[in-house]
Amino acid sequence: MDYFLRLSGEHPTLAEAEVAAVLESYQREFSLKAVGDRWFLVSTEADPLFASRPAFTQKAYQVVSFANSLAELTGDLYDVLCDFDSFRIDDAPGGVRNQLGGRLSDLDLKVDLSNPSQRVGVVEVDGFFAAGLRMPVAGGFESRKPQFRPYFHPTSMHPKYARALVNLSRVDASSLLLDPFCGAGGILIEAALMGVESVGWDIDERMVEGCRENLKFLGLEGEVRLADALSPQGEVFDACATDPPYGRSSYTSVETRELYNRFIGNASNFLSQGFLVLVVPDFIDLDSGDFGVEDVFNVRVHKSLTRKIFVLRK
């Protein structure tokens with residue numbers, strides 16, 4: 001099947017890498033090709049629900065037509081839309097939206113701009129038109145921001161980034177994901193919303209209780225317990241996604257650089273293979289230890305602080 005996606009402009013390289021990571025998690029061949037300003041064409045046999053996972057994908061369409069003329073495109077779309085009450089063209093290049101909408105309307109298809117039965121998008125691909133029907137994408141991030149949860153901690157990351165970390169770890173519904181510095185539970189929340197089983201550790205009992213409270217508040221499940229991420233715990237996981245506690249009082253006795261590098265050393269004990277995704281302050285010279293560095297993304301938090309998302313693989 002073919003799809004086209006509109007990716008966020010906030011972090012273009014991160015957005016593209018996140019989509020690729022989600023597709024990789026399905027273990028099917030795929031292609032991902034830029035076809036316009038933040039538009040990407042995807043070919044894959046993965047479950048169409050893949051499009052609802054990425055945090056930095058704004059729109060998604062499932063392709064129903066590749067056409068080399070507006071007339072051919074009109075005919076293909078008529079065959080699809082004639083079974084629905086109404087339609088709206090959400091995205092199309094140049095004057096294509098009005099021309100196509102007019103042609104379809106002339107064929108007695110109803111245009112409904114407020115509540116259409118189907119939403120249509122069109123992009124140009126190598127001289128052809130690709131038309132698709134709108135698909136659901138991830139949302140609700142603003143309502144899940146840390147300040148709207150019953151247990152709040154100021155170091156909690158935005159849900160978009162929490163979801164991106166989970167996706168970059170290439171987990172699927174059969175995976176067991178670990179967040180060894182789970183804090184208030186942002187990563188566990190996003191994992192649970194995507195149907196990924198997860199376990200959270202934290203050295204601070206208040207965080208453990210707060211994380212459980214936040215999961216319960218959202219009607220989600222996840223195992224959370226008191227544990228030290230810097231010490232072996234005798235368990236093995238499929239992947240790890242985490243935001244270690246830079247600036248959090250739990251680890252003030254451990255010098256920040258040492259904390260990160262000790263953690264990487266211990267990660268070999270709970271990851272026999274797979275991906276380790278973590279957020280690191282830009283002043284840290286990270287020793288990746290037994291892990292290879294797959295990707296690094298710079299994320300500007302504010303004008304004086306940039307953090308890096310490291311994607312490591314064992």
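Q: What makes the pair Asp-126 and Lys-33 a salt bridge?
A: In this predicted model, the side chains of Asp-126 and Lys-33 come to 2.6 Å, N to O. The label requires a Lys or Arg nitrogen within 4 Å of a carboxyl oxygen of Asp or Glu. The value of 2.6 Å meets that limit, so the pair is called a salt bridge. A search of the whole structure gives 16 salt bridges.

Q: Why can Asp-126 and Lys-33 be said to tie together parts of the chain?
A: Asp-126 sits in the loop between β6 (118-125) and β7 (128-135), while Lys-33 belongs to strand β2 (residues 30-36). These parts are 93 residues apart in sequence, so the pair ties them together.

Q: Why is the aromatic pair of Trp-39 and Tyr-61 called tilted?
A: The ring centres of Trp-39 and Tyr-61 are 6.2 Å apart, and their planes make 45 degrees. The structure has 9 aromatic pairs.

Q: How do you know that the pair of Trp-39 and Tyr-61 links distant parts of the chain?
A: Trp-39 is in strand β3 (residues 39-44) and Tyr-61 is in strand β4 (residues 57-67). The two residues are 22 residues apart.

Q: How do you know that domain 1 and domain 2 are in contact?
A: Contact requires heavy atoms within 4.5 Å. On that basis, 15 residues of domain 1 touch 16 residues of domain 2. The domain assignment gives domain 1 as 2-135 and domain 2 as 141-313, and their C-alpha centres lie 34 Å apart.

Q: What makes up the area buried between domain 1 and domain 2?
A: The buried area is about 1400 Å², and carbon and sulfur atoms give 57% of it. On the domain 1 side, Leu-14, Arg-53 and Ala-55 lose the most area to domain 2, together 40% of what that side buries.

Q: Why is the pair Lys-160 and Glu-10 called a salt bridge?
A: Their side chains meet at 2.7 Å, N to O. The limit is 4 Å, so the pair qualifies. Between domain 1 and domain 2 the count is 2 salt bridges, and 8 residue pairs are in polar contact.

Technical notes: Residues numbered from 1 in each chain as written. Predicted model: local features only at pLDDT ≥ 70, side-chain atom pairs only at ≥ 80, totals over all residues. Heavy atoms only, no water. Domains from an automatic or database assignment. Buried area = accessible area lost by both parts, 1.4 Å probe. Polar contact = N/O pair within 3.5 Å; in protein donor to acceptor, adjacent residues only side chain to side chain. Phe/Tyr/Trp six-rings, centres within 6.5 Å; stacked < 30°, edge-to-face > 60°. Helix = DSSP H or I, 4+ residues; strand = E, 2+ residues; numbered from the N terminus.
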